[in-house]
Amino acid sequence: MSKKKQLLLLRIITHVGSLIPLVVMAWDFYFQQLGPEPIRELTFRTGKTALILLFLSLAGTPVSTLGWKIILPLRKPLGLYGFLYVCLHLAIFVVSYGVVSNLFQWQYVWEEALFRRYAVVGLIAFALLVPLAATSTNWAMRKLGKNWKRLHRLVYVVAILAVVHYFWLAKLSEYNKPIFYAVILAVLFLFRLPPVRQRVLAWRK
Ligand code: HEM
């Protein structure tokens with residue numbers, strides 16, 4: 001298969017794969033298959049999907065170092081879909097605290113969001129993702145030049161904050177899940193270190 005066709009296929013897989021969790025969530029919501037705590041279940045699902053998509057986007061560069069350069073253009077849609085799920089995650093949080101639990105008493109949303117450490121790191125991660133999503137266009141890339149790359153390194157900070165958010169939410173008995181993501185993040189970081197990168201490139205040759 002030509003490179004162009006391969007990329008098209010990968011793009012289709014990326015878009016369809018990223019939208020499937022949303023379709024399943026909508027389906028389960030409509031047919032009331034979200035269990036006894038549907039809003040909590042939606043919070044979990046959107047949070048986890050966001051995390052996975054952000055990690056997949058981050059994995060683009062290390063995987064290209066291993067020789068699979070074709071996946072580089074997929075980092076952008078994966079990151080943007082990740083941002084979409086973070087927006088849904090936050091929206092569900094606001095609706096669940098502000099509308100469902102406290103009947104439009106918005107001060108409870110602020111209290112929960114600003115006085116709980118898990119929510120504060122989540123909000124910082126969200127705030128950092130906003131400029132990244134806003135500058136994801138080719139136009140912004142051209143305008144920002146070298147600064148674009150610098151700015152988009154923030155995605156690593158977002159990933160760290162997201163893992164911390166997960167740690168602070170999990171019960172001690174469930175730490176294995178955030179630990180799993182922390183280990184993957186550490187491996188992705190490792191691949192970015194120049195000596196490791198050079199070794200991988202030398203090994204490929
Ligand atoms: C980049 C941003 C964020 C990411 C990647 C993220 C990811 C996650 C993940 C992975 C979970 C755990 C899912 C599970 O246990 O299966 C979670 C749970 C949760 N997140 Fe976030 N989150 C983000 C931002 C936020 C923000 C800004 C808020 C609200 C201020 C928030 C509120 C919550 C809540 C309420 C839960 C569930 C807590 C519970 O009921 O146990 N998250 N999030």
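**A ligand and its iron atom in a helical chain**

Of the 20 residues around the ligand, counted as near when one of their heavy atoms lies within 4 Å of it, Arg40, Lys48, His89, His165 and Leu169 come nearest. This is a predicted model, in which local features need pLDDT of at least 70 and side-chain atom pairs count only at pLDDT 80 or more, while totals for chains, interfaces and linings use all residues. Residues are numbered from 1 along each chain as its sequence is written, and side-chain values use heavy atoms, with hydrogens and water left out.

**The iron site**

- The protein donors of the ligand's iron atom are His89 (NE2) and His165 (NE2), which lie 2.0 Å from it; donors are N, O and S atoms within 2.8 Å of the metal (3.2 Å for Na, K and Ca), and water is not among the atoms, so sites may look incomplete.
- Because His89 lies in helix α3 and His165 in helix α8, the pair ties together parts that are 76 residues apart in sequence.
- The iron site has six donor atoms with angles of 86 to 179° among them and is octahedral, a term for six donors whose opposite members are over 155 degrees apart, with all other angles between 65 and 115.

**The shell around the ligand**

- The shell residues divide into 13 nonpolar, five polar and two charged, where Ala, Val, Leu, Ile, Met, Phe, Trp, Tyr, Cys and Pro count as nonpolar, Asp, Glu, Lys and Arg as charged, and the others, Gly among them, as polar.
- In the side chain of Lys48, an N or O atom is 3.2 Å from an oxygen atom of the ligand.

**The whole chain**

- The protein chain comes to 10 helices and zero strands, these being DSSP runs (H or I, at least four residues, for helices; E, at least two, for strands) numbered from the N terminus.

Notes. Polar contact = N/O pair within 3.5 Å; in protein donor to acceptor, adjacent residues only side chain to side chain. Tetrahedral: all angles 85-135°; square planar, octahedral: opposite > 155°, others 65-115°.
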